[in-house]
Amino acid sequence: MTEMNEEAIRLITGRKSIRKYDEAQKISRDEMTRMLEEACRAPSALNLQPWRFLVIQSHEGKEKLKPLFYNNPLLLDSCSAMIAVLGDFAASDYKDQIYDKAVTGGTMSKEERDKEVRLISDLYDGMPHDEQLTDVSFNSALAAMQLMLVARAHGYETCPLGGFDKKRFSEVFDYDRSRYLPLVLIAIGKPAEEGFDTVRLGVDEITKWI
Ligand SMILES: Cc1cc2nc3c(=O)[nH]c(=O)nc-3n(C[C@H](O)[C@H](O)[C@H](O)COP(=O)(O)O)c2cc1C
């Protein structure tokens with residue numbers, strides 16, 4: 001076996017969903033921005049980065065979320081922030097912006113940029129909705145997972161939460177539902193509990209080798 005970074009493995013495998021946080025703990029805008037930037041290093045198909053975030057930190061924001069939150073309100077009240085991860089069905093509209101930045105940054109030639117942008121148009125223009133749904137959900141979930149791991153590296157814990165009224169979320173927080181898909185909420189903060197030890201299926205139960 002090759003040399004391993006045991007600390008990194010512990011950071012990744014030691015994550016547990018935490019449902020009670022230290023209420024006094026605040027996360028600065030700078031640190032939150034840095035964690036989001038680090039989460040955005042996640043991979044995405046054609047580098048389209050369809051993830052979008054809403055950081056709910058204020059008392060008013062949490063109160064707006066509360067009526068559509070199906071989990072224990074203590075979780076919402078105690079976390080430093082609740083980060084909503086949404087998928088953007090119009091992510092391919094950013095193709096020029098993304099690939100122009102690569103040209104300006106010197107990591108891509110103009111010809112390569114034009115080829116990628118054409119490919120994106122070919123693939124995404126007129127893509128059936130079910131394919132778009134899979135694409136946006138899958139890619140955005142990668143950033144959500146990365147955010148939870150990055151949070152641990154910053155000394156915080158998290159809990160992913162699907163238990164909220166997604167339709168009402170769009171209305172209350174003013175997101176066009178035909179464009180933005182609310183996927184998951186991620187609670188973040190300093191833990192005020194240990195978290196459960198959860199079990200996993202064995203690799204032999206879920207894996208085929210050929
Ligand atoms: C997409 C998603 C939605 C989840 N929704 C909830 C939820 O609404 N409430 C909750 O208490 N936990 C929720 N969880 C957390 C899971 O229960 C938890 O990840 C699982 O039991 C494994 O535990 P662990 O995260 O501590 O390893 C969710 C997890 C994911 C990935």
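**Helix packing and ligand shell**

Tutor: The crossing of α5 and α6 is right-handed. Keep in mind that this is a predicted model.

Student: At what angle do helix α5 and helix α6 pack, and how far apart are the axes?

Tutor: Helix α5 (residues 95–104) and helix α6 (residues 110–124) have axes 9 Å apart, at an angle of about 160 degrees. Angles over 145 degrees count as roughly antiparallel, so α5 is roughly antiparallel to α6.

Student: Which residues in α5 and α6 meet?

Tutor: From α5, Lys95, Asp96, Tyr99, Ala102 and Val103; from α6, Lys110, Arg113, Glu116, Val117 and Ile120. The residues of that contact divide into five nonpolar, no polar and five charged.

Student: OK, now α2 and α7. How do their axes cross?

Tutor: The axes of α2 (residues 29–39) and α7 (residues 129–153) come within 8 Å and cross at roughly 130 degrees. The two helices are therefore oblique to each other. The crossing is right-handed.

Student: And which residues of α2 meet α7?

Tutor: Met35, Glu38 and Ala39 in α2 meet Ala143, Gln146, Leu147, Val150 and Ala151 in α7. By class, the contact has six nonpolar residues, one polar and one charged.

Student: Switching to the ligand. Which residues come nearest?

Tutor: Lys16, Ser17, Gly162, Gly163 and Thr198, out of 13 residues around the ligand.

Student: Which strand gives the most to that shell?

Tutor: Strand β3 (residues 157–161) gives the most, with three residues.

Student: What's the shell like by class?

Tutor: Around the ligand there are five nonpolar, six polar and two charged residues.

Terms used
Residues numbered from 1 in each chain as written. Predicted model: local features only at pLDDT ≥ 70, side-chain atom pairs only at ≥ 80, totals over all residues. Axes fitted to C-alpha atoms, helices over the stretch in contact; angles between N-to-C directions. Helix = DSSP H or I, 4+ residues; strand = E, 2+ residues; numbered from the N terminus. Parallel < 35°, antiparallel > 145°, perpendicular 65-115°, else oblique. Left-handed = near helix turned anticlockwise from the far one by under 90°. Contact = placed C-beta atoms within 7 Å. Nonpolar A, V, L, I, M, F, W, Y, C, P; charged D, E, K, R; others polar. Near = placed C-beta within 6 Å.
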